[in-house]
Number of protein chains: 2
Amino acid sequence: MKYYLGLDIGGTFVKGVCMTADGKILAEDKCDTGCENGGQAMCDNIAALCSSLTGKVEGQLAGVGAGCPGMIQSASGTVKFAGNLGLKNFPLGEELSKRLGVPVKVTNDANAAALGEAKFGAGKNYKNSILVTLGTGVGGGIIIDGKLFEGGCSAGAEIGHMVIERHGDMCTCGRRGCFERYSSAAALTRRTKYAMEEDAGSAMWTKYTSQNCTGKTAFDFMDSDRSAKEVVDWYIKYLACGLINLANIFRPEVIMLGGGVAAQGERLTKPLQSILDKEIFGGNDYATVTVVTASLGNSAGAMGAAALWL
Amino acid sequence: MKYYLGLDIGGTFVKGVCMTADGKILAEDKCDTGCENGGQAMCDNIAALCSSLTGKVEGQLAGVGAGCPGMIQSASGTVKFAGNLGLKNFPLGEELSKRLGVPVKVTNDANAAALGEAKFGAGKNYKNSILVTLGTGVGGGIIIDGKLFEGGCSAGAEIGHMVIERHGDMCTCGRRGCFERYSSAAALTRRTKYAMEEDAGSAMWTKYTSQNCTGKTAFDFMDSDRSAKEVVDWYIKYLACGLINLANIFRPEVIMLGGGVAAQGERLTKPLQSILDKEIFGGNDYATVTVVTASLGNSAGAMGAAALWL
């Protein structure tokens, strides 16, 4: 039996899975990324992980794929730059391939997660979908007609860096008002902290401080506390704005929400759907766009990386 | 010799061209749209135009294509709705095909123009391009890997309806702060009018009034008048914002600017390129995006419609 190995490279850990063509996971494990010792050391760690994983699986390894943060030239498997990993023009595919003895495909980690969700998760019944990951930043990937769309030279799909508030907050990318400044889990946490500091009587103080509040805090108290509800409303309005921009451009069948905040489920998707139905260009009857939560959790990236071979 | 007939349906006129597969125009003409008398009457007018055009050309008509404003279901050739033409669920392709005796393909007019520019105009040497038309609104079309990308159910690519200023001006689409509220020729004219009314001493008053100023006025005086220069700077900053959003998502090789304002040429493209080079995600060295003006003028739509068969 043929199987595929997918890698999801993060700043701290690398997650690996062995998977059949229909998405059944045969083995999974993780290792330290170790990128503080450079790209070569990282590749050594990953090769050891792969060797341990393939040792647990019977059958023929048909391909290895890797999702990696940063700007990736997927045609050559090169990391053009990845700030978090400290890599620049690093031939990741080639270096892994050398160690593993098989060809390795590489894409951006957010793109890999989108492909995973599209093939095996919340998007599996659709040909056109977008994954929007609400984490430290806002990442995402776009699936058009069943295929991953990475933009020209695989340098696009940077949906978090779409300005939605021209004079807004400064973003790490150098522009102001990017989608991710408002819709990331980090932005939600910042806003919660601010709301708590402005409202000493908020019920949020009964369980959290403005130092340990998270993206969950405001949702936890939204039914009983006005400040918490205001934070959630604020968050949902901005998130809806970015999602509708994407819907007007791509008109996908589904927009899938991933990352920690997506655990809120219908508390998030219901109001978002309601705003989208009202505001999407031309109404949402023709070419309906549905907002759902992603379903693969943190396996999406590794499974999608394996799916680069499918 | 085979040839193709392309139609560009506007609110007032329909432009038609007969064209070879390599974009040589064999005949062109126009007729009144006449949509005030309904879709059937409009199709009668168009059929007469086609008959007159094909009468002037030797060879075999290999296909007819039409670009039509509004939301188009291109798979069936149906106009889902087109406010300007007063059409709703109108089977345009079928009705034209009945009259002409050949199959007719239909797409949105902005998409047709993008395909025209991509095949025969400013985008002909590139596989990935975006046309942004700066007219009454902001229209546009997206070419991915040489093919027109219309979005799911051909209902996407509404780039003018991407919010770039969350709390901005009210748009006709029902949202606030859409790209087209800032970057259309109409927006430029509005801003010029406002600037003139705020500055009674502006040199713009020597040739224009706040009633007859156009999208050209501020550019005409930008070198000699501070208010005019401010209008141009304002316009270019917003336009750059929307273009960079598109560049970060699609990372095309070229962004082509069409419509009346594009006649400003380098006065527009030079500062836009300079902002884009600075602000595009990850810098503009890898996967370089270049801003150019479109080159086919008002033939782009009809030529692109014909190119639906190529």
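Predicted model: local features only at pLDDT ≥ 70, side-chain atom pairs only at ≥ 80, totals over all residues.
The crossing of H1(A) past H2(A) is right-handed. On the side of H1(A), the contact is formed by Gly39(A), Gln40(A), Cys43(A), Ile46(A), Ala47(A) and Cys50(A), while H2(A) contributes Glu95(A), Leu96(A), Arg99(A) and Leu100(A). Six of the residues in this contact are nonpolar, two are polar and two are charged.

The contact between the chains was examined next. Chain A and chain B each place 35 residues in it. On the side of chain B that touches chain A, strand S6 (78-82) and helix H7 (226-250) of chain B each supply at least two residues. The most is given by H7(B), with six residues. By class, this side of chain B comprises 18 nonpolar, nine polar and eight charged residues.

In soluble globular proteins, nonpolar side chains tend to be buried together. The largest nonpolar core of the model has 214 residues, of which Leu243(A), Ile255(A), Leu243(B) and Ile255(B) touch the most other members. When residues up to four places away in sequence are not counted, Ile255(B) touches Ile130(B), Val132(B), Leu243(B), Leu246(B), Ala247(B), Val289(B) and Val291(B).

Terms used: Residues numbered from 1 in each chain as written. Chains lettered and ligands numbered in written order. Left-handed = near helix turned anticlockwise from the far one by under 90°. Helix = DSSP H or I, 4+ residues; strand = E, 2+ residues; numbered from the N terminus. Contact = placed C-beta atoms within 7 Å. Nonpolar A, V, L, I, M, F, W, Y, C, P; charged D, E, K, R; others polar. Core = buried A, V, L, I, M, F, W, Y, C linked by C-beta atoms within 7 Å. Buried ≥ 20, exposed ≤ 12 C-beta atoms within 10 Å, placed from the backbone.
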